[in-house]
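This report describes the fold of one protein chain and then turns to the packing of selected elements. The sequence and structure are shown below.

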Amino acid sequence: MTSIFSLVLAVEFIERNLTEAIRFEEVAAAAFVSPSYLYKLFSRVFNCSPGEYLMKRRLCRAADALVRENASVTELAFLYQYGSVESFSRAFKKQYLMPPSEYRKRKPHFPARFPKFIIMEGGNIMTTYSLDEHSEKLLSARGTYFLLIDIDHLKPIND
């Protein structure tokens, strides 16, 4: 259970600081774990490093802003901590298979582009997080089933 708590703290820190320069050590400190443990935790749960996760979240926010806001590609590149417009455009194209300007023109509607990683307590949603890589895996999977099970009162059974 400590691992989940640490992961939630790390993701919350990242979400609060998407437009700030973030050092990996700061994320680990916010999650009260060592950097190596946090790296292993992200690798196991999200199948990517914390840096890759951060990059995907920044690109997700930038993609959303391209469609919903009137911010320029240049403004978004620097807002989401890219050193140049070119590096932002390359990363964006790699993630979305089109440059930011084309993405804006197409105005794709992805209401659930990033499915939510939901932390619940006592039937109340405490926190939600978006996970793009998982949605891509689910959308591209063939012959695979995704099963979401909600088991009430599992803790006493586990104990």
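Contact means here that heavy atoms lie within 4.5 Å.

The model is a predicted one. Leu54 belongs to helix H4. With neighbours within four places in sequence left aside, the residues in contact with Leu54 are Ile14, Leu18 and Ile22. The relative accessible area of Leu54 is 11%, so this residue counts as buried, the cut-off being under 20%.

Phe24 is 30 residues from Leu54 along the chain, and the C-alpha atoms of the two are 10.0 Å apart.

## Overall architecture

The protein chain contains 9 helices and 2 strands. Read from the N terminus, the order of elements is α-α-α-α-α-α-α-β-β-α-α.

Of the 159 residues in the protein chain, 37% are buried.

## Packing of H4 against H6

Two packed helices are described by the angle between their axes and the distance between the axes. For helix H4 (residues 50-68) and helix H6 (residues 85-96), the angle is about 90 degrees and the axes are 10 Å apart. H4 is therefore roughly perpendicular to H6, a description that covers angles of 65 to 115 degrees.

On the H4 side, the contact is formed by Lys56, Leu59, Cys60, Ala62, Ala63 and Leu66. Their counterparts in H6 are Phe88, Ala91, Phe92, Gln95 and Tyr96. By residue class, the contact of H4 with H6 comprises 9 nonpolar, 1 polar and 1 charged.

## The two sides of H6

H6 has 12 residues, which at 1.5 Å a residue should span 16 Å. The end C-alpha atoms of H6 are 16 Å apart, in agreement with that expectation.

Which residues of H6 are buried? They are Phe88, Ala91, Phe92, Gln95 and Tyr96. Because these residues cover an arc of only 110 degrees around the axis, they lie on the same side of H6.

Just after H6, the chain reaches Leu97, which has a positive phi of about 60 degrees.

Note on methods. Residues numbered from 1 in each chain as written. Predicted model: local features only at pLDDT ≥ 70, side-chain atom pairs only at ≥ 80, totals over all residues. Heavy atoms only, no water. Axes fitted to C-alpha atoms, helices over the stretch in contact; angles between N-to-C directions. Helix = DSSP H or I, 4+ residues; strand = E, 2+ residues; numbered from the N terminus. Parallel < 35°, antiparallel > 145°, perpendicular 65-115°, else oblique. Nonpolar A, V, L, I, M, F, W, Y, C, P; charged D, E, K, R; others polar. Expected span 1.5 Å × (residues − 1). Buried < 20%, exposed > 50% of the residue type's maximum accessible area, 1.4 Å probe, protein only. Arc of directions from axis to C-beta.
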